[in-house]
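Welcome, and thanks for taking a look at this one. Please open the sequence and the 3D view side by side before reading on.

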Amino acid sequence: MEYLDLSPISRVAGTVDLPGSKSISNRTLLLAALSRGETLVKGLLASDDTQRMLEALAMLGVQWEQIGDSRDFRVHGCGGDFPVKTADLFLGNAGTAFRPLTAALALAGGTYKLEGVARMHERPIGDLVDALRQAGAQIDYLGVEGYPPLQIKPGQIAGDRVAVKGNVSSQFLTGLLMALPLTGRSFTVEVVGELISKPYIEITLNLLKRFGITVQRNGWSEFVIPGGQTYTSPGEIFVEGDASSASYFLAAGAIGATAAAPVKVTGVGKQSIQGDVRFAEALEAMGAVIERGDNWIAASMPASGKLKAIDMDFNHIPDAAMTIAVAALFAEGTTTLRNIESWRVKETDRLSAMATELRKVGATVEEGQDYLVVTPPASFTPDAAIGTYDDHRMAMCFSLVSLAAPVRILDPGCTAKTFPTYFDELKKISV
């Protein structure tokens with residue numbers, strides 16, 4: 001297996017220009033494809049996940065072109081009607097492509113097969129399928145009930161109300177909110193139970209509005225989509241920097257940057273539509289010094305030079321919360337991360353993986369069904385070989401261990417899912 005040995009980093013300082021947000025990139029691509037007119041998507045993320053979406057759209061007959069060597073793409077919308085009515089799509093492990101495309105294609109009147117890598121076939125999708133079936137979609141499981149791969153056949157749109165569980169993945173609700181306007185009918189989506197990752201739904205609602213679709217929200221339990229709406233291109237849309245990716249650099253600053261020379265990320269800030277910018281609030285709770293501008297955030301160490309432990313609910317920012325679990329290694333006291341059961345159905349079972357790898361560097365860890373308790377080691381175990389489980393966030397999180405001790409990251413190339421140049425950027429801010 002390939003690996004990357006990271007030498008100890010004594011200090012960090014500098015500026016990182018963030019790559020585009022994965023969540024915004026794939027939502028925007030699909031909405032642009034479904035719209036009337038052409039959309040210039042500026043600053044699209046270059047990653048495996050966005051590549052899967054671009055490939056799928058091309059197979060569905062949606063035309064797009066990259067503008068030179070830039071990350072700007074022109075998408076020619078199909079007006080809500082995919083030209084290709086029969087296709088087999090491979091979507092890798094890209095949940096931000098698989099879930100919304102399942103919903104959109106289920107209502108598209110065609111015959112489609114959707115599959116991915118082995119891990120994608122272990123990630124549940126039954127709650128989304130159940131909701132789509134309530135709307136008249138015809139979807140069959142080709143393997144294990146409740147999981148991909150899927151076979152979609154032409155259905156008959158029916159009813160005006162669907163219900164979906166909210167406690168497994170917010171991408172299920174996102175898929176429904178993006179797909180149901182295609183029917184031209186009024187639909188109400190009821191969320192059963194607690195809705196996790198609410199900030200990601202706010203991203204979806206914000207982007208729907210940009211593309212001409214209004215959704216009426218009654219708290220977090222009911223969403224009403226008025227009928228007769230059509231997707232319309234905004235002409236041009238800019239993809240914000242990825243707030244989840246910002247977390248690694250901001251945490252690095254909180255651990256090893258001085259107030260005079262902080263770590264600054266650009267592309268997200270006070271104007272961001274991404275909930276993960278609230279990661280900076282968690283760092284502030286740990287004592288870090290945080291500064292914010294409209295399009296930037298900067299982080300440096302507490303005046304005491306040492307972070308402090310926290311006990312916090314991270315249901316609202318589960319992806320960025322992974323970074324807190326590693327930052328806890330540098331805090332005084334025991335840190336508790338609560339309400340993070342959704343980690344178990346991500347690219348890997350992140351709760352189990354995080355607990356296993358934190359112990360490798362010397363931490364004392366308690367793993368619960370929906371929580372993690374981390375007590376830092378008296379001294380780090382040097383040269384720990386960190387397994388990444390083909391999970392980009394595991395690789396990026398554990399790179400922070402190098403701020404205290406040498407560490408080996410196994411399969412560092414898995415960062416290509418969202419941030420292919422991550423380790424290059426980390427090196428740039430290492431002093």
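1. A word on the model. This is a predicted model, in which local features need pLDDT of at least 70 and side-chain atom pairs count only at pLDDT 80 or more, while totals for chains, interfaces and linings use all residues. Residues are numbered from 1 along each chain as its sequence is written, and side-chain values use heavy atoms, with hydrogens and water left out.

2. The largest cavity. A cavity is a set of points, on a 1 Å grid over the protein atoms alone, where a 1.4 Å probe fits but cannot get out; lining residues have an atom within 4 Å of a point. There are 4 cavities of 30 Å³ or more, and the largest has a volume of about 200 Å³. Its lining counts 24 residues, with Lys22, Thr96, Gln171, Asp319 and Lys346 nearest the centre. Helix 1 gives the most to this lining, 3 residues. Domain 1 (3-19 + 240-429) and domain 2 (22-223) both contribute to the lining, so the largest cavity lies between them; the domain bounds come from an automatic or database domain assignment.

3. The second largest cavity. This one holds about 70 Å³ of space. Lys22 and Asp319 turn up here too, among the lining residues. Domain 1 and domain 2 both give residues to the lining, so the second largest cavity also lies between them.

4. The largest pocket. A pocket is an open set of points with protein on both sides within 12 Å along at least five of seven lines. The largest has a volume of about 200 Å³. Of its 13 lining residues, Asp48, Asp49, Asn93, Asp390 and Lys417 lie nearest the centre. Each of domain 1 and domain 2 supplies at least three residues of that lining.

5. Helix 3. Helices here are DSSP runs of H or I, at least four residues, numbered from the N terminus. Helix 3 (residues 95-106) reaches 16 Å from its first C-alpha to its last, close to the 16 Å expected at 1.5 Å a residue. Is it enclosed or open?

6. Strands 6 and 7. Strands are DSSP runs of E, at least two residues. Strand 6 (residues 86-90) and strand 7 run parallel, joined by 5 bridges. Ala87 has Tyr112 of strand 7 as its bridge partner, and Tyr112 belongs to the covered face of strand 7.

Key: Expected span 1.5 Å × (residues − 1). Points joined across faces, edges and corners; volume = space filled by probe spheres on them. Buried < 20%, exposed > 50% of the residue type's maximum accessible area, 1.4 Å probe, protein only. Pairing = 2+ DSSP bridges.
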